[in-house]
Amino acid sequence: MSPGISFGTDGWRGLMSSDFTDRNVRCVADALYRSLKKNAPSIAIGFDGRKDSDRFAAACAEVLVGRGATVLLNPSVIPTPVLSFAVRHFHCDAGIMITASHNPPEYNE
């Protein structure tokens, strides 16, 4: 069983395979969809080049599309500011960036 999901001011921080798991990623994607309280929201998703970031981004997309969202999943690695630009440029309701950012390697080895 997972120890849980903990959010800070800059998003979700979790250790790979402990807190940051496929199950939890899907749970967070579903919670985001429900929090938008809008039929067919549009959501942009990006990811960095760290281990499994692309797989986690695809898992988010799968959940969101399954719920009825329009998803713009970038096909390759992008920096966070590019995702922010995409959210504004395409008038998305939300954005998800899969990245360990400045955290130590165990956050996304």
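This is a predicted model: local features need pLDDT of at least 70, side-chain atom pairs count only at pLDDT 80 or more; totals for chains, interfaces and linings use all residues.

Reader: Which helices and strands does the chain have, and in what pattern do they follow along the sequence?

Author: There are three helices and five strands. Along the sequence they follow the pattern β-β-α-β-α-β-α-β. As for contacts with a separation of 6 or more, 67% of them are accounted for by residues 24 or more positions apart.

Reader: How should I read the nonpolar core, and which residues have the most contacts inside the largest one?

Author: The general idea is that nonpolar side chains tend to be buried together in soluble globular proteins. In this case the largest nonpolar core has 21 residues, and Ile45, Leu64 and Ile98 have the most contacts inside it. Two or more residues come from each of α1 (22–36), β3 (42–47), α2 (53–67) and β5 (94–98). Helix α2 gives the most, with seven residues.

Reader: With which residues is Ile45 in contact, leaving aside its neighbours within four places in sequence?

Author: Among them are Ala57, Cys60, Ala61 and Leu64, as well as Val71, Leu73, Leu83 and Ile96. A second, separate core has six residues, including Ala44, Leu83, Cys92 and Met97.

Reader: How do β3 and β5 run, parallel or antiparallel, and how many bridges join them?

Author: Strands β3 and β5 run parallel and are joined by five bridges. Within this pairing, Ala44 stands opposite Gly95 in β5.

Reader: Why is β5 described as largely enclosed by the rest of the structure?

Author: The description applies because four of the five residues of β5 are buried. For this step, a residue is buried when its relative accessible area is under 20%.

Reader: How many aromatic pairs does a search of the whole structure find?

Author: The search finds one aromatic pair. Its members are Phe20 and Phe56, whose ring centres are 4.8 Å apart. The ring planes meet at 85°, so the pair is edge-to-face; planes over 60 degrees apart are assigned to that class.

Reader: Which parts of the chain does the pair link?

Author: The pair links distant parts, with the two residues 36 apart: Phe20 belongs to the loop between β2 (11–12) and α1, and Phe56 to helix α2. Phe20 is buried at a relative accessible area of 13%, and Phe56 is buried at 2%. The charged end of Arg55 also sits over the ring of Phe56, 4.6 Å from the ring centre.

Reader: Where are Lys37 and Ala40 found, and how exposed are Lys37 and Ala40?

Author: Lys37 has its place in the loop between α1 and β3, and Ala40 is found in the loop between α1 and β3 as well. Lys37 is exposed, with a relative accessible area of 77%, whereas Ala40 is partly exposed at 45%.

Technical notes
Residues are numbered from 1 along each chain as its sequence is written. Side-chain values use heavy atoms; hydrogens and water are left out. Contact means heavy atoms within 4.5 Å. A nonpolar core is a set of buried Ala, Val, Leu, Ile, Met, Phe, Trp, Tyr and Cys residues joined through side-chain atoms within 4.5 Å. Buried means under 20% relative accessible area, exposed over 50%, partly exposed in between (1.4 Å probe, protein chains only). Rings of Phe, Tyr and Trp (its six-membered ring) pair if their centres lie within 6.5 Å; planes under 30 degrees apart count as stacked, over 60 as edge-to-face and the rest as tilted. A charge sits over a ring if NZ of Lys or CZ of Arg is within 6 Å of the ring centre and within 35 degrees of the ring normal. Two strands pair if DSSP finds at least two bridges between them.
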